[in-house]
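Me: I am new to this structure. Please take one part, the nonpolar core, and go through it closely.

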Amino acid sequence: MGYTFQFGEVFRYWPLLVEGAINTLLFSAIAMAAGLAVGIGGAVCRNSSNRALRAVAGGYVEIVRNTPLLVQLFLFYFGLPATGLRLSATEAAILALIFNTGAYSTEIVRAGIENVHRSQVEAATSLGLSRTQAFLHVVLLQALERVYPALVSQFILMMLASSIVSAVGAEELTAYGNRIQSENFRSMEVYFVCGAVYLGLTYVMRFVLAFLARFLFPRRRALARA
Amino acid sequence: MAIVNLSGVRKSYGSLSVLKDVSLAVERGTVVALVGRSGSGKSTLLRCINGLERINAGEIVVDGRRVEQNEATLRALRQEIGIVFQSYNLFPHLTVERNVTLALSLVKKMSTAEGHAIAERVLNQVGLGDKIGAYPEQLSGGQQQRVAIARSLAMSPKVMLFDEVTSALDPELKEEVLRVMEGLAREGMTMILVTHEMDFARRVANEVVFMHQGKIHEQGPPSRLFVEPATPEFRQFISSAIN
Amino acid sequence: MRSFNPNDILFLAQAALWTIALSLIAFFGGGIVGAILALWRISTLRVLRMVASGYIQIIQGMPLLIQLFIWYFGLNLLGMDLPALMAAAIALTLYSSAFFAEIWRGSIEAIPKGQWESAASLGLSRFEMLGYVIIPQALRLALPPTVGFMVQIVKNTSLTSLVGFVELARAGQLVNNVTFQPLPVFACVAVIYFSTCFPLSILSRWLERRTHGHRQPVRSA
């Protein structure tokens, strides 16, 4: 095999790679924030006393977890226009990512909520808090603090999986990689570099999310210092 | 007029009858100790008073207001009734100060400054003014229980309920909690407590209520009850509680 | 242009056999490599531990799609026949192996230290301890997440469509290209995936409950 790697051919395109990486982070950040919101709503529905709500949320979670993200993406991108709703590749990609992350977050947040002891709600309502206040300030915050590591893992898997949205041409890192290799025919080098950038992005995300936790959950900081 | 009035209260879990026709009046400014074996219904009775348990029959009236199972009534009522639990039930993710001020800001809509002032006052009252910035898990059990008392106290309740608040504590930590409770009693707080501390009941309570098999079996001032128990069940209970 | 008909469904079903075949390759291939990696991860040799953990970090830190592209174009450069199938098999195997290794290492490490100590006190060698005492117990813990990861494998095979391998997702695209009825076509594809994955999910959850005892859900709000 007489192949010589020529990474210079890839680095020439560095502005595209940077833009792609930024877009990947942007897609992920939106999907994380919106997916977590969906997840909290989903978890509340899963624990609701209303049978119909429980069933809808349960069905949503099962459908998402048991079908590939790629097929979900195709349904959003190719399928939705058939119902009259035309989405750009980026819109379809972000929607699919939110739809997907929302279901996994639902299960994670639900587990967190179930692990907060009932006596916490009793203590809060005994002080005169409404059930909603008790849920938001006492149960949910504790639940999120507890499941934060699981959420972080889930978000990182989602960031990596977001490379799939290049399949419909949404402009993130992998799509830019595809574009570069179609111009310079250095596919191996291009995807090695893309892979390395993704690896770097996982560290960036871990760092940012750990930093965020210090503000979201001040207790950890206080206990670490003590 | 009694501030807490129970009449004909019945409570059952399925076929198990826990409270059988309990009537009790608690006068303002008095301390009532509920004693009895575990399973006699004393904790359930206490939890019925602030609506944590729904009663099946009878009536509970606190400060002229009927305890009913709807959220608006219960919320209003629970601002008047403080409760302290055996397992403290502090909010682990919040500082001591925020544990105390959470309900002040959410329920009483107080400003941060007002809340802070109250937190300082009640924490000093239980001897923990210096722990205002700590998190619950940084405190001993006795300190956590005193924070729980302060948290209730901050709401300026008219009645305080204590559900076996020293049972989870090591003997050396019980004293500090009991001292705080004794201080409250001296200041005229109306208190209803479920307790296994017979010495404390004898010393602090105005009225001792002995519960047996879901009923009030015997009741009266400790000076009489502990000296001349009228029923063999209570006599047996005291001798086993002391040994 | 023609409409989506039963023949198309038959075509999708045939393609689904490739999805299953790829899943089995990834499961067994990934299982074998993953088992070796798991043992390396808990090895007493520092080098083996470091190699395994570096490998796992890299595999888990890169998208599967990128790994597929690397193998697909790499094998092409080497002039291999059937590059799509080969690339798919290799990439899925290696990707799965990293996850299996972590699942199984976790299961082994979840066995209480006392078990190692009592096995050692009987004079067993390290391999005897693993083989007779630790692994038999770890298997019970490992089974539910292993079955759970099979769901991920089945879903992951869909990515091979992006290097042109004709499995279920690719077949769906092909059918859509001639029928222009994306909603029924991809819904049908989704249903086939679901009917493959859902039983595995249920099985995994059932095993999980059997292993860890049933937890009563707590209702709130």
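Reply: In this predicted model, the largest nonpolar core has 209 residues, and Leu73(A), Leu34(B), Ile192(B) and Leu68(C) have the most contacts inside it. A nonpolar core is a set of buried Ala, Val, Leu, Ile, Met, Phe, Trp, Tyr and Cys residues joined through C-beta atoms within 7 Å; buried requires 20 or more other C-beta atoms within 10 Å of a residue's own, with C-beta atoms placed from the backbone.

Helix α7 (residues 131-161) of chain A gives this core its largest share, 15 residues; helices are DSSP runs of H or I, at least four residues, numbered from the N terminus. The core lies between domain 1 (4-80 + 158-242) and domain 2 (94-156) of chain B, because both give residues to it. Those bounds come from an automatic or database domain assignment.

The centres of these two domains of chain B, taken over C-alpha atoms, are 25 Å apart. Nine residues of domain 1 and ten of domain 2 make the contact, where contact means C-beta atoms, placed from the backbone, within 7 Å. On the domain 1 side, helix α6 (residues 171-186) of chain B gives the most, four residues.

In chain C, Leu68(C) is in contact with Ala87(C), Ala88(C), Ala91(C), Leu159(C), Thr160(C) and Val163(C), leaving aside neighbours within four places in sequence.

Residues are numbered from 1 along each chain as its sequence is written, while chains are lettered from A and ligands numbered from 1 in the order in which they are written. Local features need pLDDT of at least 70 and side-chain atom pairs count only at pLDDT 80 or more, whereas totals for chains, interfaces and linings use all residues.

Methods
Contact = placed C-beta atoms within 7 Å. Helix = DSSP H or I, 4+ residues; strand = E, 2+ residues; numbered from the N terminus. Buried ≥ 20, exposed ≤ 12 C-beta atoms within 10 Å, placed from the backbone.
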